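The model I am working from is a predicted one.

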Amino acid sequence: MPANSPVPGVPVPGFTDHHAHLLRQAAGVATAAGPAAVRTFHQRVARQGSTPMDVLDPSSALALPDLASRLVAGLRDAARAGLVEVTEMGMRGWAYLDALKQAAATGPLPARVRIYLASGLADEAGLAGIEARRSAAAGPWLRLDGVKFYADGWLVPRTCAVEEDFADTADRGILFAAATRLADRIRPLASRGWRIATHAIGDRAVAAVLDAYDLAWDFDPAAIAVAAPRIEHASVLSRELIDRMAAAGVVACIQPSFAVTDASQLVPALGPARAARAYPWTELASSGVRVLAGSDYPIEVLDPLPGLTRLVSGASRRAGFATGGTAPGQALLPVQTAFGLMTDPAAGRTWLSADPRSGPAGQLDAITVLGTEPEPF
C-alpha cells in the first residue's frame with residue numbers, strides 16, 4: 001500500500017520473519033509431522049553421522065512446472081499477513097532459488113527474500129559453487145545471505161541436547177556434532193563472509209555451538225562480533241550461556257509462539273527448576289544479546305500479529321490462533337521491545353488499523369493488516 005493510498009491506516013516499520021520455511025511449504029514438500037515421527041527422523045540422521053540440515057529435498061520433488069508461481073503464492077500469503085521480508089532458514093535445493101529468480105525477473109516479489117542455505121546444499125555445491133550462486137542471486141528482491149547448521153533436535157520429541165536428563169526419560173537428547181566438527185565446517189564459509197546460523201534448542205547444544213564459534217573465529221571476540229553468527233531458538237539457557245552470547249556478540253533468533261504452544265510440555269520435559277529457565281527472552285533482551293524473531297513457519301504461525309501478541313501477553317485470542325498454553329513470565333516482553341524484534345524500517349512498511357506501540361497490550365488482538373509496502377534491497 002503506497003503512502004498516498006486512500007485506504008485509512010497507520011504505516012509502521014515493516015514486519016520481518018527472520019526464520020521461516022515458507023518456500024518448502026509453498027512447494028508442498030512433505031516433512032516429518034508429530035513428535036514420534038520427528039524423533040525417529042532425528043535418531044536415524046544421527047546414526048548416519050549426519051544432521052537434519054544435511055538432508056536435501058529430492059530434485060524430483062521440486063521438478064514442478066509451476067514452482068515459481070507456487071513460491072510467489074506463498075509470498076503473497078506472507079504479505080497478506082503483514083510481512084515485507086522473509087528469511088528462508090535452510091534452503092534444501094537450488095530449484096527454489098532458480099524459481100525465485102525467474103519470478104523476480106518479471107517484476108517485484110510480494111515480499112523480499114533472504115536465504116540461508118542448508119549446510120548439506122553448501123557442502124554439495126562446494127565453496128566455488130555457492131560463491132557463484134551468491135553473485136548470480138543478488139537482486140532487488142532476493143539475497144543469498146548465509147548457511148544454516150543443526151546442532152540438536154527439538155524439545156517436544158525430547159531430542160534437543162540438554163546438560164541433564166529430561167525429567168521424564170533417562171536421555172539427554174541428540175547432539176548431532178561436536179564443537180570441533182561444527183567449527184571445521186563453519187571456518188571456510190566464515191572466512192569468505194557467509195553469515196552463519198545454527199539450530200540449538202537445549203543448553204548442551206548452545207554450549208557446543210558457542211564453543212564452535214570460538215574455534216571457527218580463532219577465539220577472536222572482535223571477529224565474532226563483526227560476523228554476528230546466530231543461534232536459532234536458544235530455548236533452554238543458563239545465565240552463563242546468556243552472558244557468553246552477550247560477550248561474544250552472538251545473535252539469538254527466538255520464536256514468539258514456542259513458549260505458548262510448548263507450555264504444557266515444559267515441566268514434564270524439564271522439571272520445574274529447568275522449566276523456569278526455558279524461553280528466557282526477557283533476560284536475553286536485557287543482557288545485551290541482540291535478539292531477532294522468526295516464526296519457524298509452518299511449525300508455528302506465519303502471521304506476525306498473533307506472534308507479537310503472544311510475545312507481549314502470553315497468549316492470543318485472535319480467531320484461529322487461540323491454541324496452546326500461556327507463555328511463562330520470562331518469555332514476555334514490553335510491546336516496544338517485542339515490536340522492535342519483529343520489524344525493520346529498512347525492509348519496508350506494514351499498514352495496520354492501529355499502531356501496536358501506542359495502545360494497551362490487551363487490544364493487540366483487534367489490530368488488522370491493511371497492506372504492505374516492501375522496499376527493494
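I looked up T309 and found it buried, because its relative accessible area is 2% and buried means under 20%. T309 belongs to helix α13, which covers residues 304-313. Leaving aside residues up to four places away in sequence, I noted that T309 touches G314, A315, S316, L364 and D365.

Entry 2, the sheet. I then followed the strands and wrote down an open sheet of 10 strands with mixed pairing, in the order β8-β7-β6-β5-β4-β3-β2-β1-β9-β10. Its edge strands are β8 (291-293) and β10 (369-374), each of which pairs on one side only. With direction ignored, neighbouring strands of this sheet are turned by 30 degrees against each other on average. As a reminder to myself, strands of a sheet pair through backbone hydrogen bonds, either parallel or antiparallel.

How many residues of β1 are buried? I counted 8 of its 11 residues as buried, so that the strand is mostly covered. On one pairing, β1 and β9 run in the antiparallel sense over 6 bridges, and there P13 stands opposite R349 in β9. On another, β1 and β2 run parallel and are joined by 4 bridges, with T16 standing opposite E85 in β2.

I found strand β4 (residues 142-150) paired with strand β5 (residues 195-200) in the parallel sense over 5 bridges, and R195 in β5 is the bridge partner of G146. Helix α5 (residues 119-137) lies across β2 (83-91), β3 (112-118) and β4, and runs at about 165 degrees to β4. Helix α13, the one that holds T309, also packs on the sheet, where it touches β1 (10-20), β2, β7 (251-254), β9 (343-352) and β10, its direction making about 85 degrees with that of β1.

In α4 (residues 94-104) I listed W94, Y96, L97, A99, L100 and A103 as the buried residues. What covers the buried residues of α4 includes the helices α1 (22-27), α3 (67-80) and α5, together with the strands β2, β3 and β4.

Rolling a probe the size of a water molecule over the atoms shows where empty space is left. My search gave 2 cavities of 30 Å³ or more. The largest cavity holds about 130 Å³ of space, and of the 15 residues that line it, P256, G294, S295, P304 and M342 are the closest to its centre. Which elements give two or more residues to that lining? They are β1 and α13. I sorted the lining of the largest cavity into 7 nonpolar, 5 polar and 3 charged residues.

Entry 7, the second largest cavity. About 40 Å³ of space lies in this one, and its lining is made up of T51, S119, F149, Y150, A177, R181, L182 and R185. The elements that give two or more residues to this lining are β4 and α6 (179-190), and the largest share, 3 residues, comes from α6. By class, I noted 4 nonpolar, 2 polar and 2 charged residues around the second largest cavity.

Conventions. Residues numbered from 1 in each chain as written. Predicted model: local features only at pLDDT ≥ 70, side-chain atom pairs only at ≥ 80, totals over all residues. Heavy atoms only, no water. Buried < 20%, exposed > 50% of the residue type's maximum accessible area, 1.4 Å probe, protein only. Contact = heavy atoms within 4.5 Å. Pairing = 2+ DSSP bridges. Axes fitted to C-alpha atoms, helices over the stretch in contact; angles between N-to-C directions. 1 Å grid on protein atoms, 1.4 Å probe; cavity = no way out; pocket = protein on both sides within 12 Å on 5 of 7 lines; lining within 4 Å. Points joined across faces, edges and corners; volume = space filled by probe spheres on them. Nonpolar A, V, L, I, M, F, W, Y, C, P; charged D, E, K, R; others polar.
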